[in-house]
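Follow the stops below in order.

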Amino acid sequence: MTRNLLRRDLAEEITARVLDGRIAADSRINEVHLARELGVSRTPLREALIGLADRGLLVSAPGRGFLVPPFDPDEARQLYPLVAELESLALRWSSPQDLAGLTGGLDRITAEMTAELARQGDLSTLDDRWHALLVSRCTNPHLLRLLEQTKPLLKRYDARYFGGVERAGESIDEHHRIAEAIRVSDLATAVELLVRNWVKTLAYLDDMG
């Protein structure tokens, strides 16, 4: 049990380092140095790396160890619509009553995002909380597992390409409108807005070439 918890904690720490750039894209992970820095042995570290490679966040290269894959705009163009469809399905797998009970919490997080934007802070953690709450009443555990596995792959692109005050302000407004549609039991509109929120992001990628 302790070993499983250690492996999970290591996976979370490595994921955080990949997402914030401390472990750079298109680089090889030095297992010896990383194990020493984290104060662990190579065995649980390697188990965590294998798990992350199975999920697609890392690549296992024979003779080279584990690599962080380079950024690939085509991968982003596949991931955003995929997450949009998965979250839309999660809403459909939730009862209207359960969803209606989430709107107060969604509004509170949206208000926190607005305040954080005014401070020019990082909205990523709040955005994660908002989306996690949105799908939290889904009764299909397999669907939720797919989302959990896919989101870290997408967040690399969020951090690299899609920051900025203008985009953040638009996203907050879209979050508010999704919650409002849920509040009035208009699931079709909520799903439409949710898909638009995700897929619209790709326009920013196309603008960058």
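Which residues of α4 are buried? Select them: Ala76, Leu79, Tyr80, Val83, Ala84, Leu86, Glu87, Ser88, Ala90 and Leu91. Keep in mind that this is a predicted model.

**Stop 1: helix α4**

Now show α4 from end to end. The helix has 20 residues. From its first C-alpha to its last it reaches 29 Å, close to the 28 Å expected at 1.5 Å a residue. Go to the start of α4 and select Asp72 and Asp74. A side-chain oxygen of Asp72 comes to within 3.0 Å of the backbone nitrogen of Asp74.

**Stop 2: Phe71 and Tyr157**

Next, look for rings. How many aromatic pairs does a search of the whole structure find? It finds two. Start with Phe71 and Tyr157. Their ring centres are 5.6 Å apart, and their planes stand at 75 degrees. Planes over 60 degrees apart count as edge-to-face, so this pair is edge-to-face.

Zoom out to see where the two residues sit. Phe71 is in the loop between β3 (65-68) and α4 (73-92), while Tyr157 is in helix α8. The pair links distant parts of the chain, 86 residues apart.

Phe71 is partly exposed, with a relative accessible area of 25%.

**Stop 3: Tyr80 and Trp198**

Tyr80 lies in helix α4 and Trp198 in helix α10 (residues 187-199). The pair therefore ties together parts that are 118 residues apart in sequence. Tyr80 is buried at 0% relative accessibility. Trp198 is buried too, with a relative accessible area of 5%.

**Stop 4: Arg156**

Arg156 lies over the face of Phe71, at 4.6 Å from the ring centre. Arg156 also lies over the face of Tyr157, at 5.6 Å from that ring centre.

**Stop 5: Lys155**

Finish with Lys155, in helix α8 (residues 141-161). Why does Lys155 count as buried? Its relative accessible area is 19%, and buried means under 20%. Which residues does Lys155 touch, not counting those up to four places away in sequence? Select Leu19, Ser124 and Asp128: Lys155 touches each of them.

Key. Residues are numbered from 1 along each chain as its sequence is written. This is a predicted model: local features need pLDDT of at least 70, side-chain atom pairs count only at pLDDT 80 or more; totals for chains, interfaces and linings use all residues. Side-chain values use heavy atoms; hydrogens and water are left out. Helices (H or I, at least four residues) and strands (E, at least two) are DSSP runs, numbered from the N terminus. Buried means under 20% relative accessible area, exposed over 50%, partly exposed in between (1.4 Å probe, protein chains only). Contact means heavy atoms within 4.5 Å. Rings of Phe, Tyr and Trp (its six-membered ring) pair if their centres lie within 6.5 Å; planes under 30 degrees apart count as stacked, over 60 as edge-to-face and the rest as tilted. A charge sits over a ring if NZ of Lys or CZ of Arg is within 6 Å of the ring centre and within 35 degrees of the ring normal. The expected span of a helix is 1.5 Å times one less than its number of residues. A polar contact is a pair of N or O atoms within 3.5 Å; within protein, one must be able to donate a hydrogen and the other to accept it, and residues adjacent in sequence count only if both atoms are side-chain atoms.
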